[in-house]
Amino acid sequence: RGSLALWSRPCRAANSALKWIREGYVGKAAKALARDPPRRVDAQTMLQDLVALHPSGSPVPPLNVHDERYTRFECFSVDSVRQAASAACCGAAPGPSGWTDELMATALADDDFATDFAALATDIANGDVSTPLRKLLTGARLVGIPKGPEGTRPIAMGEAFLKLACTLAINATKDELSDVFSDTQFGAFRSAGAQEFVEQFLPGRPGRPGSRYVRLRSFRCCWR
């Protein structure tokens, strides 16, 4: 009972939560039920904000794929492609092509498709693609969501093919990347990197629990 306006938000939240539950993402379902209702923004205003935030860029520059500074990859294995696609499944929205990580993981179950895509991903990682294809791969589906009391936050959904090729390239060079960035970042290819980062700012103090105690206590809350 009651007006549609009163029930539209709870119904939308419930429908969104059911969608995530069916896909196996319980955490996303909980967030859909708990988050505040979004502020409504006029479509024309949102479009104007997006145009101002993302003006037309310069043409895609040529890429010298034979530059000796660039790493050249051998053909990625089918197993590595399948593993990367499976690990990427998180319910992310699709890019311009409409492909999602979940669709990619399902399609890669076919051996012929997986073999061909492994070769395609290798070409993408090596830059061995035409300029028109590069424009398609580097494009994004741009949408706007309300930001604060006014304004629009731009969200760009990238192409799943490019994201998977980038993941494969990073996985193939993770040892080299770890050696280069180990002293400046804690997030990638670093065991317990987040905990190590926090430990840098939690020394023990005289008369208080030691740093080991503080380190153990600091990770008992999920939000930390």
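Contact here means that heavy atoms lie within 4.5 Å. With that in mind, the buried residues of helix H4 are covered by elements that include helix H5 (101-107), H6 and H8. The structure shown above is a predicted model, and its protein chain has 11 helices and 2 strands. Of the 224 residues of the protein chain, 20% count as buried.

**Overall layout**

- Read along the sequence, the elements of the protein chain follow the pattern α-α-α-α-α-α-α-β-β-α-α-α-α.
- Among the contacts in the protein chain with a separation of 6 or more, 58% are made by residues 24 or more positions apart.

- In H4 the buried residues are Val81, Ala84 and Ala85, and seen down the axis of the helix they fall within an arc of 100°, so they line one face of H4.
- On the other side of H4, the residues Asp79, Gln83 and Ala87 are exposed.

**The nonpolar cores**

- The largest nonpolar core has 20 residues, and those with the most contacts inside it are Val81, Met104, Leu108, Phe117, Leu164 and Leu168.
- Helix H4 (78-88), helix H6 (111-126) and helix H8 (160-172) each supply at least two residues of this core, and the largest share, 6 residues, comes from H8.
- If its neighbours within four places in sequence are left aside, Leu164 is in contact with Val81, Ala84, Ala85, Met104, Leu108 and Phe117.
- There is also a second, separate core of 5 residues, which includes Ala17, Trp20, Tyr25 and Ala29.

**Aromatic pairs and charges over a ring**

- The count of aromatic pairs comes to 6, and one of them joins Trp20 and Tyr25 in an edge-to-face arrangement, with 5.9 Å centre to centre and 80° between the planes.
- Trp20 has a relative accessible area of 14% and is therefore buried, while Tyr25, with a relative accessible area of 17%, is buried as well.
- Another aromatic pair, formed by Trp99 and Phe161, is tilted, with 5.5 Å centre to centre and 55° between the planes.
- Because Trp99 lies in the loop between H4 and H5 and Phe161 lies in helix H8, this pair ties together parts that are 62 residues apart in sequence.
- Trp99 is partly exposed, since its relative accessible area is 28%, whereas Phe161 counts as buried at 16% relative accessibility.
- Trp99 and Phe161 also belong, with Phe113 and Phe117, to one aromatic cluster.
- Lys19 lies over the face of Trp20, at 3.7 Å from the ring centre, and the charged end of Lys28 sits over the ring of Trp20 too, 5.2 Å from its centre.

**The strand pair**

- Strand E1 (residues 140-146) and strand E2 (residues 152-158) run antiparallel and are joined by 7 bridges, and within this pair Arg141 stands opposite Met157 in E2.
- E1 and E2 form a hairpin with 5 residues between them, and in the turn Gly148 has a positive phi of about 60°.

Conventions:
Residues numbered from 1 in each chain as written. Predicted model: local features only at pLDDT ≥ 70, side-chain atom pairs only at ≥ 80, totals over all residues. Heavy atoms only, no water. Pairing = 2+ DSSP bridges. Helix = DSSP H or I, 4+ residues; strand = E, 2+ residues; numbered from the N terminus. Core = buried A, V, L, I, M, F, W, Y, C linked by side-chain atoms within 4.5 Å. Buried < 20%, exposed > 50% of the residue type's maximum accessible area, 1.4 Å probe, protein only. Arc of directions from axis to C-beta. Phe/Tyr/Trp six-rings, centres within 6.5 Å; stacked < 30°, edge-to-face > 60°. Lys NZ or Arg CZ within 6 Å of the ring centre and 35° of its normal.
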